[in-house]
Amino acid sequence: MTFKLRNQLIFIVLFLFSCINLLAQSNLQNIYGKIQDSESHATLIGAAVVVLNSSPLIGTTTDLDGYYELKNVPVGRVDLQISFMGYETKVVDGILLSSGKAKNIVILLKE
């Protein structure tokens with residue numbers, strides 16, 4: 001095998017491995033945060049957090065400390081709807097998700 005042919009084969013193999021790595025990039029991301037009362041900043045346990053216009057529906061409720069996490073949300077612009085009994089429903093529009101980092105969003109609800 002000549003030196004030139006061997007170098008070409010090495011280049012092709014490295015190129016194919018780099019293409020496989022690019023295809024493995026995820027187009028999903030996570031959104032997490034906390035839901036609180038707008039005046040007292042008390043945590044709201046069991047508030048519903050939903051990604052609008054997601055199919056299948058992506059949603060969760062807050063835990064005992066008011067925290068939530070939405071997993072595997074498609075990257076791009078998304079809208080969240082937050083609701084809790086006795087509070088105004090809130091919609092947060094145009095959250096930009098990128099594949100590089102999860103998004104932390106703290107949301108305050110009015111009673």
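In strand β3, the bridge partner of A48 is T61.

Some ground rules before going on. This is a predicted model, in which local features need pLDDT of at least 70 and side-chain atom pairs count only at pLDDT 80 or more, while totals for chains, interfaces and linings use all residues. Residues are numbered from 1 along each chain as its sequence is written, and side-chain values use heavy atoms, with hydrogens and water left out.

Now the overall layout. The protein has one helix and seven strands. Helices (H or I, at least four residues) and strands (E, at least two) are DSSP runs, numbered from the N terminus. Along the sequence the pattern reads α-β-β-β-β-β-β-β.

How much of the protein is buried? Of its 111 residues, 24% count as buried. Buried means under 20% relative accessible area, exposed means over 50%, and partly exposed is in between, with a 1.4 Å probe and protein chains only. The protein exposes about 7700 Å², and carbon and sulfur atoms supply 58% of that area. These accessible areas come from the Shrake-Rupley method with a 1.4 Å probe; for residues, only the protein chains shown count as cover.

Back to the strand pair I opened with. Strand β2, residues 48-51, pairs with β3 in the antiparallel sense over four bridges. Two strands pair if DSSP finds at least two bridges between them. β2 and β3 form a hairpin with six residues between them, and N53 in the turn has a positive phi of about 60 degrees.

β2 also has a partner in strand β5, residues 76-83: four bridges join these two, again antiparallel. On that side, A48 stands opposite S83.

Which way do the side chains of β2 point?

Put together, four strands form an open sheet in the order β3-β2-β5-β6, with antiparallel pairing. At the edges stand β3 (58-61) and β6 (90-97), each with a single partner strand, so one side of each has no neighbour in the sheet. The twist averages 20 degrees from one strand to the next. For such angles, axes are lines fitted to C-alpha atoms, for helices over the stretch in contact, and angles run from 0 to 180 degrees between N-to-C directions.

Next, the loop between β2 and β3, where L52 is found. L52 counts as partly exposed because its relative accessibility is 28%. Leaving aside neighbours within four places in sequence, L52 is in contact with D79, Q81 and V91, where contact means heavy atoms within 4.5 Å. L52 and Q81 are 29 residues apart along the chain, and their C-alpha atoms are separated by 6.5 Å. For the whole protein, among contacts between residues at least 6 apart in sequence, 53% join residues at least 24 apart.

Now the other sheet. Three strands form an open sheet in the order β4-β1-β7, and here the pairing is mixed. β4 and β7 stand at the edges with a single partner strand each, so one side of each is left without a neighbour in the sheet. The twist here averages 25 degrees from one strand to the next.

How many residues of β1 are buried? Strand β1, residues 28-37, is mostly covered, with seven of its ten residues buried. Six bridges join β1 to strand β4, residues 67-74, and these two run antiparallel. One of the pairings there is K34 with Y67 of β4. Strand β7, residues 103-109, is joined to β1 by seven bridges and runs parallel to it. There, Q36 has L108 as its bridge partner.

Last, the aromatic rings. The structure holds one aromatic pair. F84 and Y87 form it, and the pair is tilted, at 5.5 Å centre to centre and 55 degrees between the planes. Rings of Phe, Tyr and Trp (its six-membered ring) pair if their centres lie within 6.5 Å; planes under 30 degrees apart count as stacked, over 60 as edge-to-face and the rest as tilted. F84 is partly exposed, with a relative accessible area of 23%. Y87 is buried, with a relative accessible area of 18%.

That is the end of my part.
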